[in-house]
Amino acid sequence: MTGDTQRYEDARPQPAPVGDRAASAVPHQAPTTMGRLVATVERLRREVLEAQAAADGRALVELAKGILIGQLQCTPAAAARQLDVLCRESGTSPLELAADIVNQASRDHVSEIAAAFVEAAGTADGPAGRHSTVSVRLRTAESGMLAADADTQAVAESLLTNALGPLGAVAVAVWTAVPDGSLALAGHAGFPPREAARWRHVPPGVSTVARLALRERRLVTLPRLKREGLPSIGHLEWPDGGRMAVPTGTGGRIHGVLEICWPQALAPQPPPIERQVEALAELCARTMDASPPRDATTTEGVLPDVAELIDLAEGLQDPAVVLTPVLDAEGRLGDFRIRHAGSRFVDPVGRPRGDVNGALLLEAYPMAAGDSGLFDIIERVHATGEPFRAERMSLTALVDQIPLTTVADISVSRHGSAVLLIWRIEDERARLANLLQHAQRLGRIGGFEENLATGETTWNAQLYALHGLPAGAPPVRLRELPGHAHPDDSAALDRFLRAVLRHRRPASVDFRLQRSDGITRHIRVVAEPVLDADQRLHAVRGAYQDISAQHWTEVALAATRDQLAHTEAESAERNRLALQLQHAIMPPTPPAIEAPGLRVAVRYRPAETESLVGGDWYDTVVLPSGLIMLSVGDVAGHGIEAATGMVVLRNALRGLAVTGAGPAQLLSWLNTVTHHLAKHVTATAVCGLFDPSTRVMRWARAGHLPPVLVRAGEAEAFPLIEGLLLGALPDVTYVEREVRLEPDDTLLMFTDGLVERRDSSVQDSLGHLVTAAAAGAGDLDGRLDRLLAESRSDTDDDTCVIGIQVG
């Protein structure tokens, strides 16, 4: 029984096992005519594939026989017998032996990959078997592809059957890279026909797996297609399957992409497997290479497509160079030959075209080999066929080992097997003219020249736009300007015209241009006379500039400056009045106050900034009852409102104290005054009543810091008692306490400007004051001066300190 017959028998339906007879005895519906037809077509398709695989294997064996005939100088029958003898002696199959014979004879890329696979696999589990498997797979695929010739569909089927199917792949697609940047499905196997029809053409710019490999020009492996988010043929059938895509090309040129599909996730593949896939892509590229044979040249020794490209380059108005690839011994791209430099060739560094014609590109321009340089661009265009365009690209060349850079517009395109390079070196004069045009547009400037001999006036396009006139309208001459200007500007324009036309001096003038469309623009015109050889006035040239935005900005700035000056004057006057009011009530250094049984000294330090006039107050008054009222307070805020609020509360407390009420009641009444009579005012205060006969002091607080008592070299703050700040609520009850003072005791009452810091809590600052008060010595005035000097406050607030020394 032959191998073909055996495979056919294996494919035939076999009788069901004994255990399945019951199931087979179950009645079932008879197959329809269409069902029989589908089954027949499927069976014939399998038989065709098996026949193709057997034919590919026979082609490999026949190739090995041909090699033996050449080496042994024998007949075909003797070569067949020798092959059978070698199979029996080596214990290998005819296909494996044939693959080994071809590898030894060819010493090509496929044989190198098979040998590398053996080296990578080691000897643990039979490398010889692995070597034979790889060789048979690659050589069988090669035989099938060679037999298919230029039939890319047959090539795809041979690849899947002979080489990729054994690796677990279920489908393969061969894409052709079209010069316009699109992809065409040239061959496929394993994909449903309807899916292949949907993907027969991929427009340029659509990101697919094949496009990714084409753009990166290397083998790309995607473990899971769905996770990558790239569409491709068969992505609905195997969404979680893996993909491999590798560019197929020869001689540095990419003809297309070989894409392989696995049904499940693809693990990272070892380098030998990747090299097998790259070898298959190289074999596939040979069938896709439609380049003419190397011997099909013209009488000038160039390929026909290159000769046509040279004719095209000669017809261009820009410098053009025709490049052809230069391949090394292994068929890889090494450089490009400058096959032809056009007659309009202009070297970036000034060399004649004879110096570069026929030279290698990297020899003539070695600086082109830099990263992302010109050589890399040309190589990519030659490989992918996608043209390249760039404006103002820097080209660097070496002249006497000195790099010289030129700016040029570049165009690179592939035509057949050659590359056309076109560049246009930037003209400095054109660049400056373009720069001037943009500068005039941005500055809203229009130029003019008026020939007085001929009466001809020339305007540029920007000047027409400034005047609001169409491009074909007659220009406005200088003498006609007063008729287009505001009447109030006539005198200024007359002086301008006399200076330029009569006195022949450069001059400028600003005026209001009244356009025909009803719009008024503020214009500045600058002009200079042009004299001929006899020093006679020949022409006038100059420029108009639209300064409307500048004019209105200056007007707005002037108004703003006036408003700011007025506001600053008002603010300064308010601050002056507030400061005078404050100093009139509380001078910064008031004299010491003598009261029965007490000596009272006061220090007041205003804010460092005059604009921060505050509301701190202090007061010491002997009441009709003989008691002495001592108080300090602080109105929230600064300015005239705080100063006037301070006056109201200080005078109100003085008047209320005459009633003889205690400090708690006085603060309760003062809170009512603050809440109802002094709107939008809040304050803190400490009020004390001292009885000289008993040396008892009753005190209360409204949100203020407590007094500090200094006795026998020790200092301590009064215990904190309840007391809401003034003006927060309409009715507040305050608490008062009694303290008996001893002779030589010193009592300190102060506002928060003495201790308040931005970076410390109030309790920490109060503790520092207590320590400083205990360390002080000397008379009362010296103590207060030291406290102000050692104050750690950093809020620039007013500060009041009252020192009471008991006699």
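Modeller: The sheet is open and has 5 strands in the order β13-β12-β16-β15-β14, with antiparallel pairing; strands (E, at least two residues) and helices (H or I, at least four) are DSSP runs numbered from the N terminus, and two strands pair if DSSP finds at least two bridges between them. β13 (457-459) and β14 (507-514) stand at the edges with a single partner strand each, so one side of each is left without a neighbour in the sheet. Neighbouring strands are turned by 25° against each other on average, direction ignored, where axes are lines fitted to C-alpha atoms, for helices over the stretch in contact, and angles run from 0 to 180 degrees between N-to-C directions.

This is a predicted model, in which local features need pLDDT of at least 70 and side-chain atom pairs count only at pLDDT 80 or more, while totals for chains, interfaces and linings use all residues. Residues are numbered from 1 along each chain as its sequence is written, and side-chain values use heavy atoms, with hydrogens and water left out.

Between β12 (residues 445-451) and β13, which run antiparallel, there are 3 bridges, and phenylalanine 448 stands opposite tryptophan 459 in β13. Helix α18 (residues 490-502) packs on the sheet, where it touches β14, β15 (520-531) and β16 (537-546), contact meaning heavy atoms within 4.5 Å; the direction of α18 makes about 140° with that of β14.

As for the cores, leucine 666 is among the residues with the most contacts inside the largest nonpolar core, which has 28 residues; such a core is a set of buried (under 20% relative accessible area, 1.4 Å probe, protein chains only) Ala, Val, Leu, Ile, Met, Phe, Trp, Tyr and Cys residues joined through side-chain atoms within 4.5 Å.

How values were computed
Buried means under 20% relative accessible area, exposed over 50%, partly exposed in between (1.4 Å probe, protein chains only).
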